Amino acid sequence: MTEQIVSIERMEDAVDIFGSFDENIRLIEQELGVRVVGRDDQLKITGEEEPVAWAGKVLHGLMGLSARGEAIHEQNVRYLIQLVKSGNEDKIQTLAADVLCVTAKGKPIKAKTVGQKRYVDAIRKNTITLGVAFIKKERNASIYFMSICE
């Protein structure tokens, strides 16, 4: 069993990270097979070595998103877990950084996945960008974008 301590700098971040009724922490525990316990301004992660390291990276990513004012939902947590498991945790902070536009109600519109970010970057970089969507009709519908650029 390995143990890692993650310090929480702002308690507001802790509220966002834990989610309603600790749903985000429970999701991390279930998906990675670790145990996360909050004490004061620290989170203690216990479990096998690799999943503990992944959980630490996910929690740091969530703190970064929370510090930028991002709303943290189950989709964000699942996507961060997927990024960390695939070794792409460096892409976490690039997602929240780029605001495309702001709605009339003041809500920022941003790319939510690495694929969407690449698509938006292709649109900005190229005069003509074609987007082809393949919709997978299942319970969790996914949309994949393929950019064809010249």
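Predicted model: local features only at pLDDT ≥ 70, side-chain atom pairs only at ≥ 80, totals over all residues.
Entry 1: I started with the strand order. The open sheet has 3 strands, ordered E1-E3-E2, and the pairing is antiparallel. Strand E1 (2-7) and strand E2 (35-39) sit at the edges with a single partner strand each, so one side of each has no neighbour in the sheet. I also looked up the twist, and it averages 20 degrees from one strand to the next. A reminder to myself: strands of a sheet pair through backbone hydrogen bonds, either parallel or antiparallel.

**Entry 2: who pairs with whom.** Next I went through the bridges. E1 and strand E3 (residues 42-47) run antiparallel and are joined by 6 bridges. As an example, I picked glutamine 4, and its bridge partner in E3 is isoleucine 45. E2 and E3 are antiparallel too, with 5 bridges. Here I found arginine 39 bridged to glutamine 42 in E3.

**Entry 3: the turn.** How many residues lie between E2 and E3 in their hairpin? I found 2 residues there, and aspartate 40 in the turn has a positive phi of about 55 degrees.

Entry 4: Then I moved on to the second largest pocket, which holds about 600 Å³ of space. Its lining has 21 residues, and Glu70, Ala71, His73, Asn76 and Lys112 lie nearest the centre. Helix H4 (74-85), helix H5 (92-97) and strand E5 (108-110) are the elements that give two or more residues to this lining. Which of them gives the most? I got H4, with 6 residues. Sorted by class, the lining comes out as 10 nonpolar, 6 polar and 5 charged residues.

Note on methods
Residues numbered from 1 in each chain as written. Heavy atoms only, no water. Pairing = 2+ DSSP bridges. Helix = DSSP H or I, 4+ residues; strand = E, 2+ residues; numbered from the N terminus. Axes fitted to C-alpha atoms, helices over the stretch in contact; angles between N-to-C directions. 1 Å grid on protein atoms, 1.4 Å probe; cavity = no way out; pocket = protein on both sides within 12 Å on 5 of 7 lines; lining within 4 Å. Points joined across faces, edges and corners; volume = space filled by probe spheres on them. Nonpolar A, V, L, I, M, F, W, Y, C, P; charged D, E, K, R; others polar.
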